[in-house]
Amino acid sequence: QEMKQGENVANVISATFSHRLNTIEKTKDLLDEEIVREVVEHIIQADTVYLCGIGGSGIVCQDLYQKLTRIGIRTVYNADAHVNIAAMSGIRKNDVLLAVSYSGQTSVVCHACDIAKEKGAFVAGISQLGKTELSKKVDTMFYIPVHENTVRAGAIASRDSSLFVSDVIYLSVFSSQLDKHKKLLSETKKWTGKL
């Protein structure tokens, strides 16, 4: 149901809550444990993790960039698409690119995949269910639900789905070396707490 002019706040709260729960449930059902394990293994062994996404997908990359950096994983991401593509010149065989695009057609993100593949890096994608340009360019894919394109549903649902997937990746990486990562997180909290 589409929003109406001057929507009652109680209705907005209720609809947002139920919509978000529904989105996360559908995303969970699409998550493949084997793919999570494979991507996490590559991230743990990588020299550097590169992230690529713009707009709402860029928010997902920014969030994951901050999390991975705080536990000592060298991560490259810049919100400026041109700077991000330029940074791809450093990607190597033992690196990982995580490419995020809900549509699966974002030209900058697909171009980043081409560069990464050419350099021999491992490439994983997050995109809507179905055959997309992105799905043809990656080694493995996390699929998220296809959402109706309404004012309330579109960008919010795809961001929530992608964040859910990236949190699962991060927490799986974190738990792989729990004591080491807890220590690093504690140190970075201490240092940033002095700013």
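**Exercise 1.** Which residues of helix α5 are buried, and what covers them?

*Solution.* Step 1: buried means under 20% relative accessible area, exposed means over 50%, and partly exposed lies in between (1.4 Å probe, protein chains only). Step 2: in α5 the buried residues are Val109, Cys110, Ala112, Cys113, Ile115 and Ala116. Step 3: the cover over these residues includes β1 (49–52), α4 (81–87), β3 (96–100), β4 (122–128) and α6 (133–137). Helices (H or I, at least four residues) and strands (E, at least two) are DSSP runs, numbered from the N terminus.

The model is predicted: local features need pLDDT of at least 70, side-chain atom pairs count only at pLDDT 80 or more, and totals for chains, interfaces and linings use all residues. Residues are numbered from 1 along each chain as its sequence is written, and side-chain values use heavy atoms, with hydrogens and water left out.

**Exercise 2.** What span should helix α5 have at 1.5 Å a residue?

*Solution.* Step 1: the expected span of a helix is 1.5 Å times one less than its number of residues. Step 2: α5 (residues 107–118) has 12 residues, so it should span 16 Å. Step 3: the C-alpha atoms at its ends are 16 Å apart, which agrees. After α5 comes Gly120, with a positive phi near 90 degrees.

**Exercise 3.** Is Ser158 buried or exposed, and which residues is it in contact with, leaving aside neighbours within four places in sequence?

*Solution.* Step 1: Ser158 lies in helix α7 (residues 154–176). Step 2: its relative accessible area is 10%, so Ser158 is buried. Step 3: contact means heavy atoms within 4.5 Å. With neighbours within four places in sequence left aside, Ser158 is in contact with Tyr102, Ile144 and His147.

**Exercise 4.** How many aromatic pairs does a search of the whole structure find?

*Solution.* Step 1: rings of Phe, Tyr and Trp (its six-membered ring) pair if their centres lie within 6.5 Å; planes under 30 degrees apart count as stacked, over 60 as edge-to-face and the rest as tilted. Step 2: the search finds 1 pair. Step 3: the ring centres of Tyr170 and Phe174 are 5.9 Å apart and the planes stand at 50 degrees, so the pair is tilted. Step 4: Tyr170 and Phe174 are 4 residues apart in helix α7, so about one helical turn separates them. Both Tyr170 and Phe174 are buried.
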